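Here's a quick tour of one model, going from the inside out. Have the viewer open and follow along.

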Amino acid sequence: MRTFYHSTRSSATTVTSKQAILQGLAPDGGLFVTDAVDQMELDYKSLLSKNYQDQACVVLSTLLGDYTDEEIGRCVKKAYSNQFDNPDITPVTKIGDDWLLELFHGPTCAFKDIALQMLPQLMSVARGESEDSVMIVTATSGDTGKAALEGFADVPGCGVTVFYPAGKVSDIQHLQMVCQKGSNVAVCGVRGTFDDTQTGVKEIFSDPELNARLAQRHIKLSSANSINIGRLVPQVTYYFFVYSKLVEREAIKAGDKLDFCVPTGNFGDVLAGYLAKKLDLPIRHLIVASNANNVLTNFITTGRYDRRRPFIKTISPSMDILVSSNLERLLYYESDGDADYVASLMQQLNDEGYYEVTKSVKERIQKTFLAGYADDAVTKKTIKETFENEGRLVDPHTAVAKTVLDSIESDGVQRVCLSTASPFKFSADVLSALGKDTAGKDGFECMDELAKLAGLAAPKQLSELRSAPQLHKDVEDLDQMPAFVENSCTRIFR
Ligand SMILES: *Cc1c(COP(=O)(O)O)cnc(C)c1O
């Protein structure tokens, strides 16, 4: 069965899911959505006894209807095998009275691997026999970049260019990116914030002259940011998976509702939960947890989105975002698919820096979504208490979510906290949260000390960066980003 997608800002033109994945962003700047999601048939009960890979096959086939089962099966097999260090891919563990969904067992130790091991496979199939090459262009606040590089490195017919805000990612995140191997990869620091970098990438996609020049050379640009539907859909699987695990452990009975708390930046991860709910997985609340950049907390509580505020650099950098792109998809669904309305809100956000949704849209959103935030001081306190009381190390992003979850009184509904990164990826901040002095210590010294303190081994993917050569040294101004992409295309595709 074909699944048709169209822009959040206009339903005039539809594309198949394969085309949507290849294009990334819709030509009018909107994000691809499907109206069919409410009618799709996916019985969560039929997934209960399946392993992660088999659940992924069902979820992906449902949402991406124009891939054959055989194609999806092949993609799943390549994406979710021994590059994950746990057979469950996203294992579920108990933390206090709640549950932790561990999403950091992939090659880059952050949850983005779940989607970015899959996206290149989906793109490869969608490209088919095409002569055109695909250049992935991605802005990263730290984790996406490495996960995209790792997913796309040496995938035939594809190249990948990653822009990160220079000086605004952690030591380890920086090394992960600049040490990336592969003949088709390009990495560049940008003098600006993540939001500047993301805006720069969006401008590259909508630059007609640049795209025409590349088209002449049979190169298409696409995105690996969570604006790409192929990034979002794989994330839906683990909401089903944790549900099946909790039934298996007899923590819930089939049909019981769950609450999820999600450390949120670009609103991709939590939107995947929203799609799972639309597919009838019993979910009560989705709790959006933010750091001090709490623009989403304000939006969900007041209905007013306002990005005109200072950007705060925090210890959870992957959530340092003032414009959460995927929120646009929620606005589309919660306004009953009113694309003109979404387009007008986005126009206002662009021109004036804010918008306010109608009372009815706000109330609909509040039925499903709760929100809260934690600043760095409280987040550090949570890291310390979680270690001392539960014997568990959590990374700062997870700690933000745990703080918010702990602030909401439990009423008997089982709750799942999404754990999005390995604590070793943020060793210095975690160590300092535990009350240790980190002055003058580099990322690796902190990693060693943290490992010793916790009696754990740091993941090999991180510790081996110590001796890896730094291959990518470019740092550019914002206005040089298009030229960097064009030069990378020349080098990679000749
Ligand atoms: C990207 C990221 C997030 C935020 O996820 P979104 O989908 O952007 O909301 C949270 N935690 C970590 C560790 C991340 O890498």
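Start at Phe369: skipping neighbours within four places in sequence, its contacts are Phe267, Val270, Tyr274, Leu286, Val288, Ile300 and Leu330. Keep in mind that this is a predicted model.

Phe369 belongs to the largest nonpolar core, a set of 144 residues, and is one of those touching the most other members, along with Tyr80, Tyr239, Phe240, Phe260 and Tyr355. Helix H10 (residues 229–248) is the top contributor to this core, giving 12 residues. There's also a second, separate core, with 25 residues, and Val201, Ile204, Phe205 and Leu221 are among them. As a general rule, nonpolar side chains in soluble globular proteins tend to be buried together.

Now for the largest pocket, which has a volume of about 930 Å³. Which residues lie nearest its centre? They are Arg9, Leu25, Gly29, Lys202 and Ser206, out of 33 residues that line the pocket. Here's how the lining divides:

| Class of lining residue | Count |
|---|---|
| Nonpolar | 15 residues |
| Polar | 10 residues |

H8 gives the most, with 6 residues.

Strand E1 (residues 4–7) pairs with E2 over 3 bridges, and Phe4 has Thr16 in E2 as its bridge partner.

Terms used. Residues numbered from 1 in each chain as written. Predicted model: local features only at pLDDT ≥ 70, side-chain atom pairs only at ≥ 80, totals over all residues. Heavy atoms only, no water. Pairing = 2+ DSSP bridges. Helix = DSSP H or I, 4+ residues; strand = E, 2+ residues; numbered from the N terminus. 1 Å grid on protein atoms, 1.4 Å probe; cavity = no way out; pocket = protein on both sides within 12 Å on 5 of 7 lines; lining within 4 Å. Points joined across faces, edges and corners; volume = space filled by probe spheres on them. Nonpolar A, V, L, I, M, F, W, Y, C, P; charged D, E, K, R; others polar. Core = buried A, V, L, I, M, F, W, Y, C linked by side-chain atoms within 4.5 Å. Buried < 20%, exposed > 50% of the residue type's maximum accessible area, 1.4 Å probe, protein only. Contact = heavy atoms within 4.5 Å.
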